[in-house]
There are 2 protein chains.
Amino acid sequence: MQSDLDRLMQEAELDALLIFGPTSHNAAMVYFTGVRHVSLGFLLKQRGKPPIHVHDPMERDEAAASGLSTRSYHDFDYQKIYNKNGGDQIKTQTELLKRTFAEYEVTGRVGVYGKIELGPSFSILRTLDKALPDVEIIGENNTRSVLMKARLTKSDEEIERIRRMGQITTSVVGDVANFLTALDVHEGLLVDRSGQPVTVGDIKQKINLWLAMRGAENPKGTIFAIGRDAGIPHSAGTDTDPIPVGQPIVFDIYPCEVGGGYFYDFTRTWSLGYATDEVLAIYEDVLDVYQTVSASILPNTPCSQYQDQTCDLFEAKGHATICSTPRTTEGYVHSLAHGLGLDVHEAPVFRAAKENKDLVLPGTVFTIEPGLYYPERGIGVRIEDTVVMQPGGEIEILADFPKDLVLELPRM
Amino acid sequence: MQSDLDRLMQEAELDALLIFGPTSHNAAMVYFTGVRHVSLGFLLKQRGKPPIHVHDPMERDEAAASGLSTRSYHDFDYQKIYNKNGGDQIKTQTELLKRTFAEYEVTGRVGVYGKIELGPSFSILRTLDKALPDVEIIGENNTRSVLMKARLTKSDEEIERIRRMGQITTSVVGDVANFLTALDVHEGLLVDRSGQPVTVGDIKQKINLWLAMRGAENPKGTIFAIGRDAGIPHSAGTDTDPIPVGQPIVFDIYPCEVGGGYFYDFTRTWSLGYATDEVLAIYEDVLDVYQTVSASILPNTPCSQYQDQTCDLFEAKGHATICSTPRTTEGYVHSLAHGLGLDVHEAPVFRAAKENKDLVLPGTVFTIEPGLYYPERGIGVRIEDTVVMQPGGEIEILADFPKDLVLELPRM
């Protein structure tokens with residue numbers, strides 16, 4: 001949680017954090033400011049001190065709305081520096097940071113964060129690193145940074161916001177199910193009242209509409225992948241594809257609060273009207289592993305042990321896995337889960353022990369999403385919920401929804 | 001245009017471009033790949049050679065859909081490197097880039113681009129820069145980079161896509177006007193049929209809905225700013241505010257294609273029912289400057305001359321401007337315009353000559369958006385269209401819409 005930050009900075013021997021970029025769709029910044037309408041600026045957080053947000057003067061009211069201490073570029077003679085440097089963004093920002101560091105007496109190890117255009121930032125920070133002998137610029141691993149370690153446990157308010165996004169997500173998933181099952185079937189494809197096949201693109205546009213109606217945003221798109229597409233975990237599906245009965249559809253949806261706040265992540269695999277025995281068998285393997293693994297997860301245990309457990313369970317059922325066949329593109333080909341919050345993928349990481357040492361802690365929000373993929377057979381099945389590890393040691397699914405494979409089609 | 005890239009790389013003495021990040025909401029990458037569903041990877045463009053997209057194996061089909069040459073992480077033994085480095089993202093990516101550079105014989109000056117989490121990228125690039133004596137990593141100024149110089153002129157297809165976003169944008173603005181003018185008025189505020197005041201937040205949610213209905217996305221939010229908020233150019237407005245008659249409302253909307261493609265940018269200032277003489281006078285000054293300046297813009301001329309012209313015109317009308325009073329927060333406080341494309345703000349820059357040398361070229365797409373701001377008097381007025389400089393030397397507004405200040409309220 002944010003209250004752990006000073007301790008985590010101490011442990012990482014960081015004297016300050018420097019966060020760049022806008023206050024929207026930028027997790028590191030939004031973690032401090034909330035979603036605001038400040039496009040230009042940076043935030044300085046020194047160890048043991050409250051953060052300061054330095055912003056463009058045109059955005060002063062928006063910056064102030066965060067309740068943080070704010071300073072305007074004007075306070076550092078921005079326009080004069082800008083003119084002196086002939087409008088050179090890199091030189092201007094470097095000088096602005098030098099003046100800020102001088103005024104706030106920033107020295108030592110300074111971690112840098114934020115989702116921002118890489119080129120100018122790289123030059124600014126390299127110059128700053130060379131120009132200030134008392135300062136060392138540190139670029140941390142994303143999933144192991146102090147900010148990510150703080151975000152590894154969520155406050156009650158954060159969990160509540162993710163839960164609300166879960167309610168929105170599952171109600172849109174319910175809308176999609178209702179829409180699909182109300183359609184007619186013609187020659188094995190879903191068709192509308194005029195007999196036209198409904199396409200994946202149609203469904204995706206409705207999803208965006210239904211999310212917008214509920215005040216959510218979908219910046220990363222939706223996976224609605226059928227047949228061979230479903231067999232490739234990150235295939236988003238093909239917009240022009242019609243929607244057939246009796247084939248597996250991987251429907252993975254991961255919207256966020258408007259402006260880039262908290263996410264939710266959710267997957268169901270559906271087969272419309274009926275499922276083939278082959279798909280049903282694979283679905284049952286995935287569901288069984290989902291249930292076994294989610295019943296095993298305990299607080300303060302390494303995430304990697306659940307990836308190992310998932311591989312063992314799938315291998316016992318006769319599937320290849322990346323644990324024993326790292327380059328396999330059939331069977332179980334990804335990690336079991338990932339943390340979730342202001343990024344859809346954040347810490348903890350659920351990979352093999354040799355790759356990470358993250359723990360599931362009380363207050364950690366993460367997905368559980370085993371899956372099996374057989375692209376050449378036109379099959380993919382994944383089941384995913386977002387859960388929180390409660391203080392009592394129980395896992396809670398933040399938004400429940402039926403896991404059934406077959407969606408009955410009354411009009412088939 | 002993209003076809004200028006090899007020449008521009010030559011002029012900037014760049015041997016290669018290295019672009020990081022996802023293929024959505026990431027202009028530098030989307031410029032090559034289009035909007036796709038590839039979250040992990042990088043793109044290498046060597047001078048005189050076609051670009052190569054190196055991607056996560058789970059996203060192979062999505063990467064291939066761009067039609068570019070693609071390589072999988074697997075081709076460079078990614079999993080082995082990852083395991084050897086204990087899952088350390090920075091070390092793994094650094095090694096992956098080293099192997100890619102070796103295979104493609106990348107040497108010389110390599111420009112780096114992409115909107116991405118800063119910390120790990122900074123470390124990766126600093127390490128690479130030190131480890132490879134034949135390679136120099138270059139972080140260019142964003143608005144002056146070779147990529148931005150290529151994007152300074154748009155192809156017919158790009159202009160068509162921006163025009164289509166303009167049609168979507170103005171039709172949503174029309175919906176908002178229709179919605180507002182159909183409301184009742186009670187005690188000077190717009191109210192719904194049940195007598196409840198309609199708020200700025202209500203309008204913004206409808207805007208997101210109406211954009212989603214038309215297949216657009218609104219990642220940066222909307223400015224709907226009333227009274228004092230309108231007097232601060234980048235104030236987005238206050239969600240809980242009711243909507244009064246007879247006060248200026250700055251309505252600035254800048255949506256993009258789904259997944260982060262081309263933007264449009266558009267502003268009208270409305271006063272509902274009637275306008276005060278004070279607001280009307282300021283509106284007429286802004287409209288007059290808009291018309292005079294937009295009638296003057298010629299191809300192959302410096303953008304700065306139109307900022308100067310705008311300042312001169314406003315000063316002749318008795319308003320302070322940032323040209324003569326750089327820190328003013330009253331009068332004309334921003335630049336006249338900005339380029340627009342895959343970013344809502346891109347080159348060219350319309351600031352004073354000492355700050356930039358950009359030209360308006362045939363095929364340049366840019367905004368024209370003079371405004372006046374008097375926050376203490378509760379007044380802001382801005383009028384903005386997105387235009388293209390046509391080959392014949394004429395400016396074309398990409399989506400026309402009435403510029404009237406007063407929206408009549410039949411139910412007032």
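Residues are numbered from 1 along each chain as its sequence is written, and chains are lettered from A, with ligands numbered from 1, in the order in which they are written. Because the model is predicted, local features need pLDDT of at least 70 and side-chain atom pairs count only at pLDDT 80 or more, while totals for chains, interfaces and linings use all residues; side-chain values use heavy atoms, with hydrogens and water left out.

Two copies of a chain are related by a rotation about an axis and a shift along it.

Helix α9 (residues 200-213) of chain A and helix α9 (residues 200-213) of chain B cross at roughly 175°, and their axes come within 8 Å. Helices (H or I, at least four residues) and strands (E, at least two) are DSSP runs, numbered from the N terminus. Axes are lines fitted to C-alpha atoms, for helices over the stretch in contact, and angles run from 0 to 180 degrees between N-to-C directions. α9(A) and α9(B) are therefore roughly antiparallel to each other (angles under 35 degrees count as roughly parallel, over 145 as roughly antiparallel, 65 to 115 as roughly perpendicular and the rest as oblique). A:Gln205, A:Asn208, A:Leu209, A:Ala212 and A:Met213 of α9(A) make the contact with B:Gln205, B:Asn208, B:Leu209, B:Ala212 and B:Met213 of α9(B), where contact means heavy atoms within 4.5 Å. The residues of this contact comprise six nonpolar, four polar and no charged (Ala, Val, Leu, Ile, Met, Phe, Trp, Tyr, Cys and Pro count as nonpolar, Asp, Glu, Lys and Arg as charged, and the others, Gly among them, as polar).

Within chain A, helix α5 (residues 89-103) packs with helix α6 (residues 118-131) at an angle of about 45°, their axes being 9 Å apart. α5(A) and α6(A) are therefore oblique to each other. The residues that meet include A:Leu97 and A:Phe101 in α5(A), and A:Ile124 and A:Leu128 in α6(A). By class, the contact of α5(A) with α6(A) has seven nonpolar, five polar and one charged residues.

A cis peptide bond joins A:Ala347 and A:Pro348, with omega about 0°, and A:Pro348 lies in strand β17 (residues 346-349) of chain A. In chain B, the peptide bond from B:Ala347 to B:Pro348 is cis, with omega near 5°, and B:Pro348 belongs to strand β17 (residues 346-349) of that chain.

Some loop residues were also examined. A:Asn300, although not a glycine, has a positive phi of about 65°; A:Asn300 is in the loop between α10 (277-296) and β15 (301-302) of chain A. At 49% relative accessibility, A:Asn300 counts as partly exposed (buried means under 20% relative accessible area, exposed over 50%, partly exposed in between, with a 1.4 Å probe and protein chains only). B:Glu105, likewise not a glycine, has a positive phi of about 50° and lies in the loop between α5 (89-103) and β5 (108-113) of chain B. B:Glu105 is exposed, with a relative accessible area of 65%.
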